[in-house]
Amino acid sequence: MKADVQNRTGTPLVLAAQAGDRQAREALVATWLPLVYNVAGRALGGHADVDDVAQETMIRALDGLDGLRDPESFRSWLVAITMNQVRRRHAAGQQQPTVGGLDETWEVEDPRADFTDLTILRLGLSGQRREVAEATRWLDPDDRELLALWWQEAAGDLTRAELAEALDLTPQHTAVRVQRMKKQLEAGRIVVRALGAYPRCPGLTELTAGFDGTPNSVWRKRIARHIRDCSDCGGLGRDLFPAEGLLAGLALVPIPLDSPVLLHFQQAAATAASPAAATGAGSGAGTGAGAHTGTGAHAGGHGGWAGTAARKAVLA
């Protein structure tokens with residue numbers, strides 16, 4: 001299982017990083033940044049703050065390494081930090097001041113960062129795997145965080161114990177929540193299939209005449225109710241393969257090459273490799289990736305955690 005392999009190979013890296021090995025710290029970033037990016041991306045639904053959350057998570061993890069008593073728990077600890085950062089962003093968004101009665105920025109998602117599209121395009125999903133990805137848009141907001149973790153469990157990158165720990169729930173409560181989320185996901189899969197059918201059911205066409213195409217819980221329930229009661233649509237879910245089987249072994253979504261979080265770590269590498277040259281390069285770190293959590297100087301202070309080897313691994 002991928003999770004077991006990562007646990008065995010990750011512990012020596014953590015121990016070396018705690019001992020001050022700069023290359024080990026770089027390798028930790030290369031190894032775990034993609035997982036952090038994927039969890040944050042799904043939990044935030046493709047919001048533009050995904051890069052900031054991933055960057056802040058790695059900074060906090062590297063800064064707090066000395067306080068990690070059990071190196072074998074590094075991954076679960078890192079995922080818990082990720083979820084805490086996600087919740088901070090959600091809370092910050094809810095507290096955003098309003099202008100003219102409208103939230104300033106939080107509700108605006110970055111079209112380039114839509115995580116469902118990234119998942120489909122970068123992993124080349126098709127058939128029922130694609131339907132699962134598209135169905136995630138129909139989940140209630142409260143289930144997005146759970147999905148972010150469960151997706152990685154199904155793919156083999158997290159264990160159920162780590163999932164429960166990140167949610168701060170008992171295993172029993174976690175199981176209940178996962179089952180509830182999976183039912184909602186299955187309903188979303190059938191909705192996706194019904195809306196994509198050609199020709200579309202006349203009754204569904206009439207029902208969705210006022211639907212603007214934006215997935216939400218109200219329309220999911222309306223469409224699902226129609227499917228249950230419609231003789232034409234009723235059989236759409238008969239051949240659904242369990243989502244766990246579809247996601248098993250699925251790769252992480254690669255971080256886009258122009259992602260601000262990668263640019264931030266490239267700047268950190270440049271700072272570590274050439275402190276003198278970094279003076280000019282660091283002057284631009286206040287905008288873009290570095291603007292939210294620090295500057296080039298902050299990045300360089302970590303001893304170049306995104307050096308050449310790590311950068312190649314992340315970009316691969």
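The model is predicted, so local features need pLDDT of at least 70, side-chain atom pairs count only at pLDDT 80 or more, and totals for chains, interfaces and linings use all residues. Residues are numbered from 1 along each chain as its sequence is written, and side-chain values use heavy atoms, with hydrogens and water left out.

## The chain as a whole

The chain holds 16 helices and two strands. Helices (H or I, at least four residues) and strands (E, at least two) are DSSP runs, numbered from the N terminus. Of its 316 residues, 50% count as buried; buried means under 20% relative accessible area, exposed over 50%, and partly exposed in between, with a 1.4 Å probe and protein chains only. The accessible surface comes to about 15,100 Å², computed with the Shrake-Rupley method and a 1.4 Å probe, where for residues only the protein chains shown count as cover. Carbon and sulfur atoms account for 52% of that surface. Among contacts (heavy atoms within 4.5 Å) between residues at least 6 apart in sequence, 74% join residues at least 24 apart.

Axes are lines fitted to C-alpha atoms, for helices over the stretch in contact, and angles run from 0 to 180 degrees between N-to-C directions.

| Helix pair | Angle between axes | Distance between axes |
|---|---|---|
| α9 and α11 (residues 217-229) | about 75° | 10 Å |
| α7 and α9 | roughly 100° | within 10 Å |

The angle with α11 makes α9 roughly perpendicular to α11, and likewise α7 is roughly perpendicular to α9. By the classes used, angles under 35 degrees count as roughly parallel, over 145 as roughly antiparallel, 65 to 115 as roughly perpendicular and the rest as oblique.

On the α11 side, Gln 184, Ile 190, Val 191, Ala 194 and Leu 195 of α9 meet Arg 220, Ile 223, Ala 224 and Ile 227 of α11. This contact has seven nonpolar, one polar and one charged residues. Here Ala, Val, Leu, Ile, Met, Phe, Trp, Tyr, Cys and Pro count as nonpolar, Asp, Glu, Lys and Arg as charged, and the others, Gly among them, as polar.

For the pair α7 and α9, crossing at roughly 100°, the contact involves Asp 142, Asp 143, Leu 146, Leu 147 and Trp 150 of α7 and Arg 177, Val 178, Met 181, Lys 182, Gln 184 and Leu 185 of α9. By class there are six nonpolar, one polar and four charged residues in the contact of α7 with α9.

Gln 184 of α9 is buried, at 11% relative accessibility. Not counting residues up to four places away in sequence, Gln 184 touches Trp 138, Leu 139, Asp 140, Asp 143 and Arg 220. Lys 182, also placed in α9, touches Trp 150 and Glu 244 under the exclusion of residues up to four places away in sequence. Lys 182 and Glu 244 are 62 residues apart along the chain, with their C-alpha atoms separated by 9.6 Å.

## Helix α6

Helix α6 spans residues 127-135, and its buried residues are Gln 128, Glu 131, Val 132, Ala 133 and Ala 135.

Asp 51 is in helix α3 (residues 50-63) and is buried, with a relative accessible area of 13%. A polar atom of the Asp 51 side chain lies 3.4 Å from the backbone nitrogen of Val 261. That pair is a polar contact, defined as N or O atoms within 3.5 Å; within protein, one must be able to donate a hydrogen and the other to accept it, and residues adjacent in sequence count only if both atoms are side-chain atoms. Beyond four places in sequence, Asp 51 touches Tyr 37, Ser 259, Pro 260 and Val 261.

Tyr 37 is also in contact with Pro 254, as are Arg 122 and Leu 123, neighbours within four places in sequence being left aside. Pro 254 sits in the loop between α12 and α13 (260-273) and is partly exposed, at 31% relative accessible area. Pro 254 and Leu 123 are 131 residues apart in sequence and 8.3 Å apart in space, C-alpha to C-alpha.

## Backbone geometry in two loops

The loop between α9 and α10 (202-207) contains Pro 199, and the peptide bond from Tyr 198 to Pro 199 is cis, with omega near -5°. Asp 168 lies in the loop between α8 (160-167) and α9. Phi of Asp 168 is near 60°, a positive value in a residue other than glycine, and Asp 168 is exposed, with a relative accessible area of 68%.
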